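Got the sequence and the 3D view open? Let's work through the fold with some questions and answers.

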Amino acid sequence: MDNDVSAGATTTIVGRLALGITLLAFGLGHTDVIDGVTAADAVSIAQYVGGIALFVAGLMAFRDRDTANGTAFAALGALWFTWAVSDAGSANAAGLFLTLFALVALSLTLAGGDQLGQGAYGLFFVALVLMAIAQFADNDGFTKVGGWFAVAAGAVAWYAATAAMAHWPTVLPRRAAGRGVTATG
């Protein structure tokens with residue numbers, strides 16, 4: 001392990017990898033882009049990686065006094081585990097669960113933090129809203145689009161973890177204030 005990576009950073013990396021893998025599996029299962037792969041195929045990953053591993057990463061983050069990631073990982077871990085083991089019953093019940101799950105993702109997006117974390121949570125929020133609408137309206141098109149947003153969220157979470165380990169850029173460069181293009185006469 002790299003000696004300049006703190007325990008808190010390691011916990012964040014593990015949590016983001018778990019979230020990224022879970023979102024990629026969940027999203028790809030809903031897009032129908034891979035023949036024979038459905039959302040039901042993501043249940044094991046959601047239960048063990050998204051549920052248990054992410055929840056444990058949340059507890060470890062709390063131990064490291066990282067309340068933002070502790071809250072995010074523990075809450076999302078509990079929700080993924082619940083999604084994996086529950087039988088929603090009706091489409092409206094599934095839509096309600098996805099709506100409540102979306103509210104958690106919205107809270108995580110608005111809570112601040114780094115750009116990649118907010119990006120992943122924001123994309124996940126959009127995915128869940130679209131999938132909730134799809135459940136309420138019985139519309140497969142919204143489900144597929146929501147799946148693609150989940151794939152994008154998973155890719156951002158995966159990149160955030162990989163970038164932290166590989167020391168790649170994790171923020172977008174900003175232009176200095178007052179420095180713009182000037183016209184010369």
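Q: What counts as a pocket here, and how is its volume worked out?
A: On a 1 Å grid over the protein atoms alone, a cavity is a set of points where a 1.4 Å probe fits but cannot get out, while a pocket is an open set with protein on both sides within 12 Å along at least five of seven lines. Lining residues have an atom within 4 Å of a point. Grid points are joined across faces, edges and corners, and the volume is the space filled by probe spheres set on the points.

Q: What kind of model is this, and how are residues numbered?
A: It's a predicted model, where local features need pLDDT of at least 70 and side-chain atom pairs count only at pLDDT 80 or more, though totals for chains, interfaces and linings use all residues. Side-chain values use heavy atoms, with hydrogens and water left out, and residues are numbered along each chain as its sequence is written, from 1.

Q: How many helices and strands does the chain have?
A: Helices (H or I, at least four residues) and strands (E, at least two) are DSSP runs, numbered from the N terminus. Reading along the sequence gives the pattern α-α-α-α-α-α. The count is six helices and zero strands.

Q: What percentage of the residues in the chain is buried?
A: Buried means under 20% relative accessible area, exposed means over 50%, and partly exposed is in between (1.4 Å probe, protein chains only). The chain has 185 residues, and the buried part comes to 38%.

Q: How many salt bridges does the structure hold?
A: You need a side-chain nitrogen of Lys or Arg within 4 Å of a carboxyl oxygen of Asp or Glu. One of them joins Asp64 to Arg63, with the closest N and O atoms 3.3 Å apart. There, Asp64 is partly exposed at 25%, whereas Arg63 is exposed at 52%. The total is three.

Q: How many residues apart in sequence are the parts that Asp114 and Arg16 tie together?
A: These two side chains meet in a salt bridge, 2.6 Å from N to O. Asp114 sits in the loop between helix H4 (91–110) and helix H5 (115–137) and Arg16 in helix H1 (residues 7–31), so the parts they tie together are separated in sequence by 98 residues.

Q: Which residue forms a salt bridge with Lys144?
A: Lys144 lies in helix H6 (residues 140–166) and its partner in the loop between H1 and helix H2 (43–63), so the pair ties together parts 112 residues apart in sequence. The closest N and O atoms are 3.7 Å apart, and the partner is Asp32.

Q: What type of aromatic pair do Phe97 and Phe101 form?
A: Rings of Phe, Tyr and Trp (its six-membered ring) pair if their centres lie within 6.5 Å; planes under 30 degrees apart count as stacked, over 60 as edge-to-face and the rest as tilted. The whole structure has eight aromatic pairs. In this one the centres are 5.6 Å apart and the planes 70° apart, so by the cut-offs it is edge-to-face.

Q: Which residue in helix H5 pairs with Phe101?
A: Phe101 is buried, with a relative accessible area of 1%. Its edge-to-face pair has 5.4 Å centre to centre and 85° between the planes. The pair links distant parts of the chain, 23 residues apart, and the partner in helix H5 is Phe124.

Q: What is the volume of the second largest pocket?
A: Its lining includes Arg16, Asp114 and Tyr121. The elements giving two or more residues to this lining are helix H3 (67–85) and H5. The volume is about 180 Å³.

Q: Which residues does Thr12 touch, leaving out those up to four places away in sequence?
A: Thr12 is found in helix H1 and counts as buried at 14%. Contact means heavy atoms within 4.5 Å. The residues touched are Asp66, Asn69 and Phe73.
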